[in-house]
Amino acid sequence: MVLDIGYGSGSWLMEMNKEFPDAKYIGVDISGTIPEDRASSIIYEFGDIVKGLKYPDASFDFINMRHLVYGLSIDEWYIALKEIRRLLKPKGCAQLTEIQHIPRNPENRSDYDNAIFDYITEMGQDPMITYNLSKYTHSSGMRIIHNEQRNLFFGMYSTIYYL
């Protein structure tokens, strides 16, 4: 059984369903919006990971959560990851994918980057989520089996920053 937390457009679930059609999929999202283009084998439901999900302990073999960097406060990350741990079966696996728009090194930040950094911090969110996610994950009692960070360059005049 596979759970996708924060399914958004449902694209990840649709791709996984095409690749592994025999698996059972459930998507939960705080919006509760059900994608128009969907497979009947995927269940879409309203759910808020921070408030806890209705599923029993150890219900899922695999849990995917991505792009919640601006959806969770720092305190909520701890809550969400403990809930993921509760929902995972023994030897289950969680995949967490986040993006960070701000260079880690303050010397490489533009005025725009600094403004975004300050705003995200004021909102109680973590502007350095990609670097701190492993700390949050360890605090939930989960073990990291793979951690990968990649530099992505946006725009015609992107500058290479060494994080």
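The following legends describe views of a predicted model of one protein.

**Figure 1. Overall view of the predicted protein model.** The protein contains 4 helices and 5 strands. Read from the N terminus, its elements follow the order β-α-β-β-β-α-β-α-α. Along the principal axes, the C-alpha atoms occupy a box of roughly 50 × 35 × 30 Å. A compact globule of 163 residues would have a radius of gyration near 15 Å, and the 17 Å found for the protein agrees with this.

**Figure 2. The open sheet of the protein.** The sheet is built from 5 strands, arranged in the order S3-S2-S1-S4-S5, with parallel pairing. At its edges lie strand S3, formed by residues 42-46, and strand S5, formed by residues 88-97; each of these strands pairs on one side only. On average, neighbouring strands of the sheet are turned by 20 degrees against each other, direction ignored.

**Figure 3. Close-up of the pairing between strands S1 and S4.** Strand S1 comprises residues 2-5, and strand S4 comprises residues 60-66. The two strands pair in the parallel sense over 4 bridges. Within this pairing, Asp 4 is placed opposite Asn 64 in S4.

**Figure 4. Packing of helix H2 against helix H4.** Two packed helices are described by the angle between their axes and the distance between the axes. Helix H2 (residues 74-87) packs against helix H4 (residues 129-139) at an angle of about 50 degrees, and their axes are 9 Å apart. Because of this angle, H2 is oblique to H4. The crossing of the two helices is right-handed.

**Figure 5. Close-up of the residues in the contact of H2 with H4.** Helix H2 contributes Ile 74, Trp 77, Tyr 78, Leu 81 and Lys 82 to the contact. From helix H4 come Ile 129, Leu 133, Lys 135, Tyr 136, Thr 137 and Ser 139. Sorted by class, the contact has 7 nonpolar, 2 polar and 2 charged residues.

Terms used: Residues are numbered from 1 along each chain as its sequence is written. This is a predicted model: local features need pLDDT of at least 70, side-chain atom pairs count only at pLDDT 80 or more; totals for chains, interfaces and linings use all residues. Side-chain values use heavy atoms; hydrogens and water are left out. Two strands pair if DSSP finds at least two bridges between them. Axes are lines fitted to C-alpha atoms, for helices over the stretch in contact, and angles run from 0 to 180 degrees between N-to-C directions. Angles under 35 degrees count as roughly parallel, over 145 as roughly antiparallel, 65 to 115 as roughly perpendicular and the rest as oblique. A crossing is left-handed if the near helix is turned anticlockwise from the far one by less than a right angle, and right-handed if clockwise. Contact means heavy atoms within 4.5 Å. Ala, Val, Leu, Ile, Met, Phe, Trp, Tyr, Cys and Pro count as nonpolar, Asp, Glu, Lys and Arg as charged, and the others, Gly among them, as polar. The radius of gyration is taken over C-alpha atoms; the globule rule is 2.2 Å times the number of residues to the power 0.38.
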